[in-house]
Amino acid sequence: MVRLLCLAVLLVAAVAAVAAPAPLKLYVSPAGNDRWSGTLARPNAAHTDGPLATVPAARDAVRRVRAAGGAGPAIVELATGTYRLTEPLTLQPQDSDLTFTATPGSHAVISGGRAIAGWKQQAPGLWAAPAGGLKDLRLLFVNGRRATLARSPNEGYFRIVGKALPFVEDGKERDSSKQAFRFKPGDLANWPDVAGGNVIVFYHWETGMLRLKSVDEAGATAVLTGEMKWPFWGNQRYYVENVRAALDAPGEWYLDAARDMVYYMPRPGEDMKKAQVVAPVVTQLVVLQGDAAAGLLVERIRFQNLRLQHTNYVLEPEGHADWQAAVTVRAAFQANGARNCVIDNCEIAGLGNYAVWFENACRNNAVTHSYIHDCSAGGVRLGTGGLPNETNETGFNTVSDNLIRDLGRDFYGAVGVWVGHASDNIVAHNEICDLNYTGISCGWSWGFGPTKHHRNRIEYNYIHHAGRGRLCDMAAIYTLGISPGTVVRNNLIHDIWDWEEGYGAGGIYPD
């Protein structure tokens with residue numbers, strides 16, 4: 001009887017294996033053509049068929065096969081090359097069961113950047129190239145290295161002298177304490193392009209990236225287009241960016257949008273006739289777009305063995321300021337309504353925002369064995385800042401075995417791994433280092449009210465060189481709010497230090 005039962009089980013398994021359709025496999029290559037089928041790894045002899053040329057074309061080809069009655073999983077394999085996006089790669093419920101991977105041994109890059117070419121020397125140490133109509137550009141990469149948006153001072157900070165006088169609008173005084181400040185004469189000027197400039201202002205545990213509206217040199221007062229979250233005070237740190245007068249050091253660049261030109265001062269050893277210069281043109285690379293309320297989920301999407309690079313950040317007209325953790329900055333890889341999706345063995349770098357965010361209604365997803373670095377904001381985020389309803393709860397996700405470093409390049413308060421209102425997640429075996437604020441933040445509520453961040457596990461992480469003397473009131477591991485069942489254990493922590501005038505920094509900080 002037992003033997004018969006075993007034979008029956010084996011027979012059912014064999015029938016299932018035969019019945020399961022083979023995965024659809026498509027190829028993408030720099031030698032490809034989006035009018036071809038994509039079913040061949042290389043062009044045929046007649047050059048009438050072969051691989052596709054772009055990643056969105058591969059997604060669309062899978063959609064056409066499925067619309068025609070094809071079913072089952074699909075694999076898109078990318079050959080060595082750089083595949084440039086002009087808009088985010090959006091994946092919806094019909095795109096479920098889809099893997100994007102590199103051909104074994106290949107070096108495949110999905111980039112949101114555009115090459116900037118045609119560099120000509122304008123003066124000793126200064127080169128320029130046509131911008132090609134780019135606007136609101138905040139990032140530039142030269143030979144794979146982030147250039148510095150023209151800033152002053154080049155090192156360190158200016159110091160705010162104190163609050164400005166109240167505004168007078170429509171005959172009434174208006175509080176200016178969050179939108180204007182007095183500066184030391186000579187630090188700022190009424191530059192011709194002052195309206196395109198911005199200041200990075202440091203608070204204790206955050207920074208604001210605020211646009212300049214005007215500079216009154218006689219009154220030594222700067223007015224901003226929007227508000228900081230807190231009032232300015234004397235001796236507060238700041239620096240100015242994105243004005244032509246600040247372009248004065250090797251490695252700095254400036255976009256003159258009116259003249260449609262990019263200017264750059266090369267670093268020692270850089271040959272601008274041979275340099276590879278990339279300007280990001282998209283703000284996100286991949287968007288998983290499910291709708292949990294409608295029961296439409298994006299499932300079993302996988303990105304493996306790929307490099308995801310280059311996103312821009314478009315500064316809002318009023319500038320940008322957050323209460324904590326750069327919490328409203330979006331991510332290059334953004335997911336909502338995602339289930340069982342994986343980022344594995346990928347490099348994610350050169351970003352103007354966060355790297356990965358599984359936001360609303362995301363469960364059983366994973367970010368593993370990946371290298372996340374060189375981000376204007378932070379690394380990986382799970383959940384939401386606001387209390388979600390039951391449908392939109394995020395949980396049971398894993399962030400493990402990653403190297404996450406070199407963060408907060410523009411948004412200094414960004415976090416290595418941020419867990420908001422999200423439960424039953426595992427953050428383990430990661431190395432997180434070289435950032436200006438907290439390594440891992442878990443929980444997102446103040447006081448003793450209800451939360452949706454329960455039973456998270458933070459264990460066996462290696463966290464070091466955080467804070468770096470720039471921000472404070474932070475820690476290697478920071479917990480916020482009521483988190484029943486959450487466990488923090490077996491983490492190795494060292495070299496966490498705060499701003500010298502700050503509130504301190506710690507290893508583990510239960511706030």
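**Reading the terms against the values**

Modeller: Let me begin with the surface: the protein exposes about 21600 Å², and carbon and sulfur atoms supply 54% of it, where accessible areas come from the Shrake-Rupley method with a 1.4 Å probe and, for residues, only the protein chains shown count as cover. This is a predicted model, in which local features need pLDDT of at least 70 and side-chain atom pairs count only at pLDDT 80 or more, while totals for chains, interfaces and linings use all residues. Residues are numbered from 1 along each chain as its sequence is written, and side-chain values use heavy atoms, with hydrogens and water left out.

Colleague: How do you know whether the radius of gyration agrees with that of a compact globule?

Modeller: The radius is taken over C-alpha atoms, and the globule rule is 2.2 Å times the number of residues to the power 0.38. With 511 residues the rule gives a value near 24 Å, and the protein has 25 Å, so the two agree. Along the principal axes, the C-alpha atoms fill a box of roughly 95 × 60 × 45 Å.

Colleague: What share of the residues is called buried, and what share of the contacts joins residues 24 or more positions apart?

Modeller: Buried means under 20% relative accessible area, exposed means over 50%, and partly exposed is in between, with a 1.4 Å probe and protein chains only; buried residues make up 55% of the 511 residues. Contact means heavy atoms within 4.5 Å, and among contacts with a separation of 6 or more, residues 24 or more positions apart account for 76%.

Colleague: Which elements are counted as helices and strands, and how many are there?

Modeller: Both are DSSP runs, numbered from the N terminus: helices are H or I with at least four residues, and strands are E with at least two. By that count the protein has two helices and 51 strands.

Colleague: Why is strand β48 called largely enclosed?

Modeller: Strand β48 covers residues 474-479, and six of its six residues are buried, so the rest of the structure largely encloses it. Cys442 has Thr479 in β48 as its bridge partner. Strand β51 (residues 505-510) also pairs with β48 in the parallel sense, over five bridges, and here Thr479 stands opposite Pro510.

Colleague: What makes strand β30 mostly covered, and which strands pair with it?

Modeller: In β30 (residues 331-336), six of six residues are buried. Strand β25 (residues 286-289) pairs with β30 in the parallel sense over four bridges, with Val286 opposite Phe333. Strand β34 (residues 354-358) pairs with β30 in the parallel sense over four bridges, and there Ala335 stands opposite Phe358.

Colleague: Why does Gly125 count as partly exposed, and which residues does Gly125 touch?

Modeller: The relative accessibility of Gly125 is 35%, and therefore Gly125 counts as partly exposed. Gly125 sits in the loop between β8 (120-123) and β9 (126-130), and touches Tyr264, Met265 and Pro266, not counting residues up to four places away in sequence. Gly125 and Pro268 are 143 residues apart in sequence and 9.7 Å apart in space, C-alpha to C-alpha.

Note on methods. Two strands pair if DSSP finds at least two bridges between them.
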